[in-house]
Amino acid sequence: MLLSIIIPVYNAEDYVARCLDCLLQQNLKVTAYEILVMDDGSCDNTYMIVQEYATKHQNIRLFQQSNKGPCSARNALLKKAQGEYVYFMDADDMIATNSLGSLVRLAQNLS
């Protein structure tokens, strides 16, 4: 596994799908990266939205905890990460299509 993308989410139903959509349009093989999402006690439909994505995409893993804040969610996901590299995002972030593969290759060349 090359890359683990860590995303804490809390009441993000309005934009979490957009975040996941951009992460699924990357120039990496599905088996080369994982998307780890921690629902941090959301009171809206965030968990169900991400659960639907996780059902359809093998590289999305969804976890849930009571509300402890984004730092706790990130740290919990970091312990579960299997990637050689880690990329942190928030649920309202987006990244350009086909950019993560380039970042990984750049990191590998600098190592």
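**Group meeting talk: strands, helices and salt bridges**

Hi everyone, let's begin with Phe 88, which sits in strand 4, residues 85-88. Please keep in mind that this is a predicted model. Phe 88 has a relative accessible area of 42%, so we call it partly exposed. Together with Leu 78 and Val 86, Phe 88 makes a nonpolar surface patch of about 240 Å².

Now over to strands 2 and 3. Strand 2 covers residues 33-40, strand 3 covers residues 60-65, and the two run parallel, joined by six bridges. If you look at Ile 35, its bridge partner in strand 3 is Ile 60.

In one of them, Arg 61 pairs with Glu 34, with the closest N and O atoms 2.8 Å apart. This pair links distant parts of the chain, since Arg 61 is in strand 3 and Glu 34 is in strand 2, 27 residues apart. Is Glu 34 buried or exposed? Its relative accessibility is 2%, so Glu 34 counts as buried, while Arg 61 is partly exposed at 25%.

Another salt bridge joins Glu 52 and Lys 56, at 3.3 Å between the closest N and O atoms. Both residues lie in helix 2, four residues apart, about one turn of the helix.

Last stop, helix 4, residues 100-110. Here Leu 100, Gly 101 and Val 104 are buried. They cover an arc of only 105° around the axis, so they are on the same side of helix 4. The face turned away from that buried side carries the exposed residues Asn 109 and Leu 110.

Key:
Residues numbered from 1 in each chain as written. Predicted model: local features only at pLDDT ≥ 70, side-chain atom pairs only at ≥ 80, totals over all residues. Heavy atoms only, no water. Patch = residues over 30% accessible without salt bridge, like charges linked within 9 Å, V, L, I, M, F, W, Y side chains within 5 Å. Areas by Shrake-Rupley, 256 points an atom, 1.4 Å probe, with all protein chains shown as cover. Salt bridge = Lys/Arg side-chain N within 4 Å of Asp/Glu carboxyl O. Buried < 20%, exposed > 50% of the residue type's maximum accessible area, 1.4 Å probe, protein only. Pairing = 2+ DSSP bridges. Arc of directions from axis to C-beta.
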